Amino acid sequence: MKRIALSLLVLAASVIAADHDIDISGFAYDPDTLTVQVGDTVTWINQDSAAHTVTADNADFDSGSLAQGETWSFTFDSTGTWDYHCTFHPMMTAVIIVEDSSAVEDLSWGGVKEQYR
Ligand SMILES: [Cu+2]
């Protein structure tokens with residue numbers, strides 16, 4: 001029974017993806033630290049009259065120039081931490097932290113899941 005329930009739990013966790021918005025406003029990313037789950041999509045919206053970019057420090061993603069009112073989205077498919085910045089204004093920095101939601105579920109199961117790994 002537990003094995004079946006766990007399988008459904010993992011399936012649900014992998015199917016449910018959320019969307020998150022980050023405002024680019026006043027030469028800053030808001031929020032400047034965002035934690036999401038694997039599979040989630042983050043959308044940046046440039047609210048400034050100045051153009052900005054969303055550029056990963058490790059070059060995993062790069063929005064290119066975003067004019068005022070433009071949006072850009074990226075889906076995070078693996079866990080990790082991505083520092084990013086604006087190529088036009090290097091003092092603009094922020095971070096996306098991607099976690100595995102099924103790992104979070106482990107806590108509620110009191111480690112039962114580990115027995116089946
Ligand atoms: Cu900028």
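Which residues does Tyr 84 touch, not counting residues up to four places away in sequence? Tyr 84 touches Val 54, Thr 55, Ala 56, Asp 57, Ala 94 and Ile 96, where contact means C-beta atoms, placed from the backbone, within 7 Å.

This is a predicted model: local features need pLDDT of at least 70, side-chain atom pairs count only at pLDDT 80 or more, and totals for chains, interfaces and linings use all residues. Residues are numbered from 1 along each chain as its sequence is written.

Tyr 84 is also among the residues with the most contacts inside the largest nonpolar core, which has 13 residues. Such a core is a set of buried Ala, Val, Leu, Ile, Met, Phe, Trp, Tyr and Cys residues joined through C-beta atoms within 7 Å; buried means that 20 or more other C-beta atoms lie within 10 Å of the residue's own. Strands β4 and β8 (93-99) each supply at least two residues of this core.

Strands are DSSP runs of E, at least two residues long, numbered from the N terminus, and two of them pair if DSSP finds at least two bridges between them.

| Pair | Sense | Bridges |
|---|---|---|
| β1 (residues 19-24) and β4 (residues 41-46) | parallel | six |
| β1 and β2 (residues 29-30) | antiparallel | two |
| β5 and β7 (residues 80-85) | antiparallel | two |

β1 and β2 form a hairpin with four residues between them, and Gly 26 in the turn has a positive phi of about 60 degrees. Tyr 29 in β2 is the bridge partner of Ile 24.

An open sheet of four strands has the order β3-β8-β7-β5, with mixed pairing. β3 (33-37) and β5 (55-56) stand at the edges, each with a single partner strand, so one side of each has no neighbour in the sheet. Thr 55 has His 85 in β7 as its bridge partner.

Methods: A residue is buried if 20 or more other C-beta atoms lie within 10 Å of its own, exposed if 12 or fewer, and partly exposed in between; C-beta atoms are placed from the backbone. Two residues are in contact if their C-beta atoms, placed from the backbone, lie within 7 Å.
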